[in-house]
Amino acid sequence: MTKQTFAIIGLGRFGSSVCKTLVDGGAEVLVIDRSETKINNYKKIATQAIIADAQDENALKSIGIRNFDHVVVAIGEDIQASILVSMMVKEMGVKHVTAKAQNKYHARVLEKLGVDKVVRPEREMGKRIGKSLLSKNMLDYLNLSPNIQVAEIKVTEPALADKDLAKLRFRNHYHLNVIAIKRDDDIIISPRADQELKLNDSLLVVGQTADVDRFSQSMN
Ligand code: ATP
């Protein structure tokens with residue numbers, strides 16, 4: 001399989017963090033920013049670092065942006081620039097474009113332009129922190145759709161300990177499926193009905209978001 005290529009436009013806190021994560025994961029990453037200082041700081045980190053104003057269509061063409069598998073538009077504050085650049089990279093035929101939006105109106109415009117993934121990092125992180133404050137047992141979660149979630153929840157309720165999933169009538173009682181159980185350094189994948197739970201196990205469950213919340217809060 002050929003290696004995926006990534007281009008990041010804008011090296012603010014968001015773009016630079018995406019860049020470092022991709023580089024740490026072994027990916028080839030091109031970064032573009034109009035600030036010379038920012039580009040100089042990334043010359044040793046990214047595979048290629050180019051000073052350019054991404055609103056300049058010719059600059060994007062000569063960089064060959066359309067040849068990248070993924071382009072991340074990480075311009076936030078200048079909404080007009082973010083919209084124009086996102087529109088141009090989509091028009092040039094880039095398959096996967098991710099763009100950061102400042103607010104819900106900005107997000108709607110980006111979606112209309114065909115941006116494949118619109119992210120609002122502060123909002124998403126705020127939700128995550130809020131959830132972890134509501135339930136300290138919810139260690140992590142992933143939304144599969146607006147109503148379906150996979151979550152990692154710690155067993156802190158003694159009533160669940162040393163009983164198997166069948167005895168707990170787990171699926172009927174909580175309306176959740178247990179996909180895996182993390183216990184110390186072990187992971188029990190697709191546990192059987194006779195699998196016992198232990199205090200401090202981490203359960204990877206899938207189900208309706210409301211049921212996930214109910215289960216995790218039942219152990220607070
Ligand atoms: P963050 O929250 O991620 O720090 P932000 O939302 O504040 O970012 P900006 O500071 O507006 O976003 O932009 C991030 C980066 O994008 C900056 O380094 C800026 O120089 C760069 N940038 C903005 N507009 C352009 C453009 N037209 N062409 C190239 N780079 C740009």
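Where is the place of Ser135?

Reply: Ser135 sits in the loop that runs between helix H6 (121-134) and strand E7 (138-143), where helices (H or I, at least four residues) and strands (E, at least two) are DSSP runs numbered from the N terminus. Before going further, please keep in mind that this is a predicted model, in which local features need pLDDT of at least 70 and side-chain atom pairs count only at pLDDT 80 or more, while totals for chains, interfaces and linings use all residues. Residues are numbered from 1 along each chain as its sequence is written, and side-chain values use heavy atoms, with hydrogens and water left out.

Although Ser135 belongs to a loop, Ser135 counts as buried because its relative accessibility is 2%; here buried means under 20% relative accessible area, exposed over 50%, and partly exposed in between, with a 1.4 Å probe and protein chains only. Ser135 and Ile75 are 60 residues apart in sequence, and their C-alpha atoms are 33 Å apart in space.

If residues up to four places away in sequence are not counted, Met138 touches Lys131, Ser132, Ala151, Glu152, Ile153, Val212, Asp213 and Ser216, contact meaning heavy atoms within 4.5 Å. Met138 and Met87, on the other hand, are 51 residues apart in sequence and 38 Å apart from C-alpha to C-alpha.

Lys131, one of the residues touched by Met138, is also touched by Thr209, together with Pro146, Asn147, Ile148 and Gln149, again without counting residues up to four places away in sequence. Thr209 is found in helix H9 (residues 209-217), and its relative accessible area of 16% makes it buried. Gly207, in turn, is part of strand E11 (residues 202-208) and is buried with a relative accessible area of 10%. Apart from neighbours within four places in sequence, Gly207 is in contact with Asn147, Ile148, Gln149, His175, Leu176 and Val212. The C-alpha atoms of Gly207 and Tyr174 are 9.1 Å apart in space, while the two residues are 33 apart in sequence.

The structure holds 3 aromatic pairs; rings of Phe, Tyr and Trp (its six-membered ring) pair if their centres lie within 6.5 Å, and planes under 30 degrees apart count as stacked, over 60 as edge-to-face and the rest as tilted. Phe170 and Phe215 form an edge-to-face pair, with 5.3 Å from centre to centre and 80° between the planes. This pair links distant parts of the chain, for Phe170 lies in helix H8 (residues 170-174) and Phe215 in helix H9, 45 residues apart. Phe170 is buried at a relative accessible area of 3%, and Phe215 counts as buried at 1% relative accessibility.

Asp184 is not a glycine and yet has a positive phi of about 50°; it is found in the loop between strand E9 (176-183) and strand E10 (186-189), and it is exposed with a relative accessible area of 76%. Ser190 has a positive phi near 45°, lies in the loop between E10 and E11, and counts as exposed at 52% relative accessibility.

Elsewhere, Ser82 in helix H4 (residues 79-91) is buried with a relative accessible area of 0%. Neighbours within four places in sequence aside, Ser82 is in contact with Val73, Ile75, Lys100, His106 and Leu110. Lys100 is also one of the residues that come nearest to the ligand, with Arg13, Phe14, Asp33 and Asp53, out of 17 residues around it; a residue is near a molecule if one of its heavy atoms lies within 4 Å of it. A backbone N or O atom of Arg13 lies 2.7 Å from an oxygen atom of the ligand, and a side-chain N or O atom of Asp53 is 2.8 Å from a ligand nitrogen atom.

Terms used: A polar contact is a pair of N or O atoms within 3.5 Å; within protein, one must be able to donate a hydrogen and the other to accept it, and residues adjacent in sequence count only if both atoms are side-chain atoms.
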